[in-house]
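Q: Can you walk me through this one? I'd like the core first, then the charged pairs.

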Amino acid sequence: MAAYAVGFFLAGSLLLVAALRVLPAPTSAFMLHQHIDDWVEGKGYRPISQRWVSRERISAHAFHAVVASEDQLFYQHNGFDVDAIGKAFNQYLRGGKLRGASTISQQVAKNLFLSPAKNFVRKAFEIWFTVLIEALWDKRRILEVYLNIAEFGDHLFGIEAASRHYFGIPARQLSAAQAALLAATLPNPILLKADQPSAYLLKRQSWILGQMRALPD
């Protein structure tokens with residue numbers, strides 16, 4: 001039975017990732033988990049603001065901003081930044097805090113398919129889905145999905161909903177500064193608010209803009 005279960009999971013996950021190579025993701029594990037959190041906390045049902053848009057309807061500045069902010073080696077690696085992972089692990093062994101070293105591909109795997117839980121079992125699933133995503137999708141598709149499911153605020157997911165909420169414009173009209181501000185919130189969009197930018201957030205936005213200019217076209 002265990003072998004059948006493993007085989008079913010492997011085949012099912014392969015088919016799911018293959019389908020999402022071309023189909024819009026109707027939701028994500030993180031969005032569903034938000035509804036579960038609301039229910040557990042007794043808040044009832046709260047709608048999530050999210051609207052899928054194709055990459056042709058997203059400003060190029062948004063793609064540049066998240067790569068500059070989150071994963072500057074995105075186009076060079078195959079889903080894992082081995083050097084960053086090694087540095088994070090060595091820091092942990094020296095008694096430091098275990099920090100994330102996730103690439104954009106890993107974040108897509110986690111946000112789309114898995115829970116926010118932090119444990120080795122979930123990490124193993126994240127690795128599996130990252131391998132599938134990198135094998136079956138191209139880099140443009142990975143960024144397209146990432147921008148459509150990333151959390152940008154309280155019950156606010158995806159670049160289109162975020163652009164309309166914070167700036168009153170569709171995602172295709174985002175300027176470099178606006179895209180950099182949204183990208184600057186991604187480490188913690190609940191605390192880092194694009195509509196109430198702190199000095200730290202503005203400094204981070206400025207840094208991202210500089211990194212965007214330095215990235216190759």
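**Working notes**

Q: Start with Lys-110: what is its relative accessible area, and how is it classed?
A: Lys-110 has a relative accessible area of 21%, so it counts as partly exposed. The cut-offs: buried is under 20% relative accessible area, exposed is over 50%, and partly exposed lies in between (1.4 Å probe, protein chains only).

Q: What are the ground rules here?
A: This is a predicted model: local features need pLDDT of at least 70, side-chain atom pairs count only at pLDDT 80 or more, and totals for chains, interfaces and linings use all residues. Residues are numbered from 1 along each chain as its sequence is written, and side-chain values use heavy atoms, with hydrogens and water left out.

Q: Back to Lys-110. Where is it, and what does it touch?
A: Lys-110 sits in helix H5, residues 104–113. Helices here are DSSP runs of H or I, at least four residues, numbered from the N terminus. Not counting residues up to four places away in sequence, Lys-110 touches Phe-30, Ser-115, Arg-122 and Glu-126. Contact means heavy atoms within 4.5 Å.

Q: Now the core. Which residues touch the most other members of the largest nonpolar core?
A: Ile-104, Val-108, Leu-112, Trp-137, Phe-152 and Ile-159, out of 56 residues. A nonpolar core is a set of buried Ala, Val, Leu, Ile, Met, Phe, Trp, Tyr and Cys residues joined through side-chain atoms within 4.5 Å.

Q: What is Phe-152 in contact with?
A: Leaving aside neighbours within four places in sequence, the contacts of Phe-152 include Leu-147, Ile-159, Tyr-166, Leu-186 and Pro-189.

Q: Switching to charges. How many salt bridges does the structure hold?
A: It holds 9. Each is a side-chain nitrogen of Lys or Arg within 4 Å of a carboxyl oxygen of Asp or Glu.

Q: Which parts of the chain does the Glu-144 and Arg-55 pair link?
A: The two side chains meet in a salt bridge at 3.2 Å, N to O. Glu-144 is in helix H7 (residues 139–149), while Arg-55 is in the loop between helix H2 (29–40) and helix H3 (60–70), 89 residues apart.

Q: Are those two buried or partly exposed?
A: Glu-144 is buried at 5% relative accessibility. Arg-55 is partly exposed at 22%. Salt bridges that share partners join Arg-55, Arg-141 and Glu-144 into one network.

Definitions and conventions. Helices (H or I, at least four residues) and strands (E, at least two) are DSSP runs, numbered from the N terminus.
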